[in-house]
Amino acid sequence: MCFARRRRIAVILTAIVLSGCAISHRDEVRMGEEYAQQIESELPIVRDPETNRYLTVLGDSLARLVDTRSLAWRFVLVDSREVNAFALPGGFVYVTRGLVERTIQMDQLAGVLAHEIAHVTHRHAVEQLEKAQTASVGVTLVCILTGVCESPLARAGIDIGGAAVFAHHSREDEREADAEAVRTLVRAGIHPSGMIELLETLLAERERRPDALEAWFSTHPTEEERIANARQLVAAIDSAVLATLTMNSPRFQAFRDRLASLPPVASMRP
């Protein structure tokens with residue numbers, strides 16, 4: 001990230017620390033915009049209009065059900081083999097190509113998006129910053145101003161330029177995001193079991209290839225607990241309602257086929 005951009009983000013955070021005030025909606029959006037510019041200048045982004053259109057339509061269909069602040073949502077597909085998804089304050093959601101390639105039905109991708117949307121609408125990352133105003137934010141400022149926190153994993157969209165605070169969440173945040181995601185999916189007419197199925201797929205892959213999903217499990221811990229909790233949430237839904245919900249669609253399959261037809265992912269920089 002360029003030094004000027006680091007300084008702009010640092011100014012926002014410093015003002016918050018010195019004022020001792022809660023982070024406003026305006027500041028939240030400004031931070032998200034700055035980090036989004038940084039991430040999209042550092043990471044390879046899929047620029048194909050057709051795949052981007054589908055991701056945006058699916059994301060918007062979920063976000064509009066829960067957004068009470070009229071955020072300008074942006075859904076971005078990162079052209080990386082890494083398996084991950086994360087969200088920035090203000091409504092910026094990122095999903096890697098490696099994760100999408102592991103989904104086989106629409107409800108699985110929708111579950112990922114609904115979970116990340118919930119982190120934004122519940123302001124989980126913003127709350128972390130507010131709680132850390134006198135300590136951890138100082139560390140974050142050092143990361144932003146010096147770039148010492150950058151690493152190969154950072155370039156995969158996790159710890160990039162001090163943005164790690166927006167990718168890591170507490171167990172309570174993860175539970176809340178999953179619960180909100182289940183409710184959002186049902187409201188959207190999408191079956192919530194896809195979220196569970198994808199988590200199980202990733203767990204099974206980790207058992208076969210322990211290092212393959214490092215990025216995902218570093219930012220989405222306690223997957224076994226998440227699966228158990230999600231199963232309880234789904235079990236509590238009326239079976240008659242579940243029977244009406246959609247799991248897949250031709251448009252999703254066309255999206256997956258289109259993505260597969262694009263040039264292979266280039267190797268990430270070391």
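What follows is a short tour, from the overall picture down to single residues.

A word on the ground rules: this is a predicted model, where local features need pLDDT of at least 70, side-chain atom pairs count only at pLDDT 80 or more, and totals for chains, interfaces and linings use all residues. Residues are numbered from 1 along each chain as its sequence is written, and side-chain values use heavy atoms, with hydrogens and water left out.

The chain has 14 helices and 3 strands; helices here are DSSP runs of H or I with at least four residues, strands are runs of E with at least two, and both are numbered from the N terminus. Of its 270 residues, 54% are buried, where buried means under 20% relative accessible area, exposed means over 50%, and partly exposed is anything in between (1.4 Å probe, protein chains only).

Now find helix α12, residues 223-235. Its 13 residues reach 18 Å from the first C-alpha to the last, close to the 18 Å expected, the expected span being 1.5 Å times one less than the number of residues. Which of its residues are buried? They are E223, R226, I227, A230 and V234. Seen down the axis of α12, these buried residues fall within an arc of 100°, so they line one face of the helix; the arc is that of the directions from the helix axis to the C-beta atoms. An α-helix has 3.6 residues a turn, so residues three or four places apart point the same way.

One packing partner of α12 is helix α9, residues 171-187. The two pack at about 35° with their axes 10 Å apart, and the crossing is right-handed. Axes are lines fitted to C-alpha atoms, for helices over the stretch in contact, with angles running from 0 to 180 degrees between N-to-C directions. A crossing is left-handed if the near helix is turned anticlockwise from the far one by less than a right angle, and right-handed if clockwise. On the α9 side the contact uses R171, E174, R175, D178, A179 and V182, and on the α12 side E225, R226, N229 and L233.

Zoom in on E225, which is partly exposed at 26% relative accessible area. Leaving aside residues up to four places away in sequence, E225 touches R171 and R175. E225 and R171 sit 54 residues apart in sequence, yet 9.2 Å apart in space, C-alpha to C-alpha.

A228, also in α12, is partly exposed at 38%. A228 is 32 residues from I196 in sequence and 8.8 Å from it in space, C-alpha to C-alpha. I196 is among the buried residues of α10.

Last stop: α3 and helix α14 (residues 250-261), whose axes come within 9 Å and cross at roughly 140°. This crossing is left-handed. Here E50, T51, Y54 and V57 of α3 meet R251, F252, F255, R258 and L259 of α14.

Technical notes
Contact means heavy atoms within 4.5 Å.
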